[in-house]
Amino acid sequence: MRAGLNGRHTSPDQYEAGRRRVFAVAAVVLGAFLVVIGQLWFLQVLEGGRFLDASDKNRIRIRPVAAPRGILFDRHGVPLVDNRPAFTLSLIPRELERDPDRRAATLGQVAVLLGMPYGDLQDAVARVSSDSFVPVRVRRGLTLTDVAKIEERKLELPGVIVEVEPQRTYPSSRFAAHLLGYVREANDEQLKQGRYRRGDMVGQTGLERLLDEHLRGRDGGERIEVDAMGRPVRLVQQTEPHPGAEVITTIDRRIQEAAEQALEGRAGAIVVMDPRNGDVLAMASAPAFPIDRFTGTIDRDAWLAVVRDPDFPMLNRTLQTQYAPGSVFKIVVTAAGLQEGTLTPLDRIHCGGEFHLGAWTFKDWKEGGHGTVDLHRAMAQSCNIFFYQAGLKVGGAAITKYASAFGFGRITGVDLPSEKPGFLPHPKIKRGRQVWQGGEVVNMSIGQGAVLVTPMQVARFMAAVANGGVLWKPRLVQRVQSADRGILYSDPGQVMGHVDLSPVVWAFLKQSLWSVVNEGGTGAAARIPGLDVAGKTGTAQMIANSKASRGEDHAWFAAFAPSKDPEVVVVVLIERGGKGGQVAAPIARKILNAIFFEKVAAIGLTG
Amino acid sequence: MVGIDRRLLQNVDWLLLVATGGLLATSAVTLGSLSVGRAGGGLVLRQLAWVGVGALALVVIASVDYRRLVRMAPMLYVLGLVGLVTVFVLGRSVSGARRWILLGPVSVQPSELFKITFVLMIAWWLTSRWAQGLGRVTIGFVIPIMAVPFVLIVKQPDLGTALLLFPVTVALLVGAGVRFRLLGALALAGVGTLPVAWFMMKDYQRERIMVYLDPFRDPLGSAYNVIQAKIAIGSGQLLGKGIAGATQSRLAFLPERHTDFIFAVFAEMWGFVGCLVLLVCYVLLLLRGFDIAAAAREPVGRLVALGATALLGSQVLINVGMVTGLLPVVGIPLPLMSYGGSSMLVSLSALGLLLSVRMRQFQ
């Protein structure tokens, strides 16, 4: 047997050698401990802060809570738009399956359940870091059935959630579409500007775009502590969303609705304005686009259908389309002539239905003419022959001077983008002198030829006629107030200019415009018993070879009432409608009726 | 020889026992803090039950003369090998590894229990009459003694436990007085077999080594453990986040936090200072072990004490090394801290061996 197992002790030499061997092992072990302690010093003391951040990033999720968009109200406090809760399908990249095949299966299942393209889902996830906990919104406006489908399979679909967000809702599908504008997710260009995050809802047109900064509000958020499985453990911090500001517009919802109803089935524009302060009470353009479908998700086909529509529903015809003013322009010629003294109310001519200037023959709209007419009658009957000659007497320079003073040829400055300025003809320059060509002046004096205006310009012009020369900047927004009623913005109204005519001239204009409606003039269709309506018809002839000449002329009617002390201006334009007196005037009548005689009933209804 | 006489009791190493008690208490508190406010409090109780079983084993082993155990070593070794083979036949598979055998209500890990047997076996062989002179023949036979269980354990697969056989063997060879030149030659041969080992490894094991070399290779997959452990440890900073603030551990970002990665939990809660105190506890324990080995008057006692100390020490170092990212991840529990019955039993048995040697050092 060997020594050790027999219990025999070793010699002192062997004992010492053994001790040294043990100490050698101990030294190695202690050295290793020093290395470990060095590593701990590095991790905990030198790099500790970085790892602390990493541990917070691990456990804290930020769940954004969308702020409700501010509401737009009409002048009486009736909402023009509202918010309702809408369901949005979102993906949380970090919580999706990590395995590419299993993730593809999840996304595939979602695609099948909702009948949406698989590629959309894939793209949405591919755009962001797979480590991100911020939900990526892939489809807005889920139906309740869709929500049920997803929620039922919640456990099979990790990382797929349904969020509830406030979404715009409208009184009707096309209500005030051009005025309000639609709200959609920020597009790539807007994202580049850096003011928006992906998935933010942004006003894209109309007032929603103009006032987006105010309407957006501030999104709130919840800082949630989660465990490793992503299950929420507790709420660490909560920031309430700050709702967007309220906007009080100048619109009267009832008049807006009446105007839109009146345009039903036609292409055209209506502007209703208060001549006392330039407030736009209604602003309708038809055809309109389905604004409710533009909010949230619109599929490509529906989008293209709207964009490619030959009637251009996206166009705001009150501002963005320019028309020849037709006989409405005769008011400008009359004002210019009377003020300059080139015309007097006593001027008479014989209207035989034709007018010759050089080799040119200009015709009246009425076969055989109006017989002998003075200025008053020429206005009421809209006699072209009279105004051809009057125009030549007044002269191109004076006409354009007064037209310009009435605000034609430049934008009105209304609070909406892409407004067109219209056009006023210029004189030719010959040998350093301005020379007007006779034919041009003749055409201009009945609102044809090169002169172009927008319905908004006509409304402001009529307002100036009604109020005695004050040219208001059309006002759409009265004020913007935060949810706690603090005023963020207010527009007291702005005078853009004055048209200085003698009081006699103003009186003559008002009187003759009253006759247009009330004394057997062309605007008789706008006559309302019990209300003094003044107005002027216009028929913008289509030039035969122009592109827009499908069918008939554009019909104008521009009116104000009551004529003594005007409260409203109504401008109606119907594209290819025919004669102003026959088509536009009855529409104006309907609107005036609604304004003055259906008010009581409406107040009863809206409480 | 069974039975404890008064002289033996006078030689009990109280410092060793105090350090052990301290570590066990720390383990209970750490495990308990992981279950505060959630289900799973039973874990601490079960751990304490195992501490009871281990303490019993400690007392029994301490009271038996270690020389008797060493004489039984060949028999125990064969029994151990049988146990390792049994795992393949009757073993319960947990996440792809067959490491456990069910014995009634408890599952036992033969590879854990084998560690003690292995220390005794090597000590026996190096001091037996056939191994006179510690020549090439003696050393040569050490290789199969180690290789057979190594292969069996690697195949379970339990790379960590298998690898542990190396430092223990080396420590015993050094302690037995093998010349360093011979050891150097052995080490070179060992390095030569590494490529072979690479091909023997399972894919996941290779992945772990790749991840060790480059942790951000797959941050959500195989490197997840390492990264989360580093975040847990590092975020503890100098003084720790306390029990309530230890979000990495308590919110389960840290995997294996009751078992192999418990050190990271402790580090997150108590910071660098706490870690220092914990490691000093282990160093005290190990220094007692080395002292007992050095003070042993005959080679068997010295080797048994040294082997037991090396077993504990290398487990502590490999575990903390892997949790702090110094070493690749191999499944090795932290002695006396990690949750796990077999590991607790083995650690306390090793301490029992140390006590046994200590109590009989003047005999």
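A residue counts as buried if 20 or more other C-beta atoms lie within 10 Å of its own, exposed if 12 or fewer, and partly exposed in between, with C-beta atoms placed from the backbone. This is a predicted model, in which local features need pLDDT of at least 70, side-chain atom pairs count only at pLDDT 80 or more, and totals for chains, interfaces and linings use all residues. Residues are numbered from 1 along each chain as its sequence is written, and chains are lettered from A and ligands numbered from 1 in the order in which they are written.

**Exercise 1.** Decide whether A:Ser418 is buried or exposed.

Solution. Start with the backbone: A:Ser418 is not a glycine, but has a positive phi of about 65°. Helices (H or I, at least four residues) and strands (E, at least two) are DSSP runs, numbered from the N terminus. Now count: 10 other C-beta atoms lie within 10 Å, so A:Ser418 is exposed.

**Exercise 2.** Decide whether A:Ser382 is buried or exposed.

Solution. A:Ser382 has a positive phi, near 55°, and is a residue other than glycine. The loop between α14 (375–381) and α15 (384–394) of chain A holds A:Ser382. The count is 29 other C-beta atoms within 10 Å, so A:Ser382 is buried.
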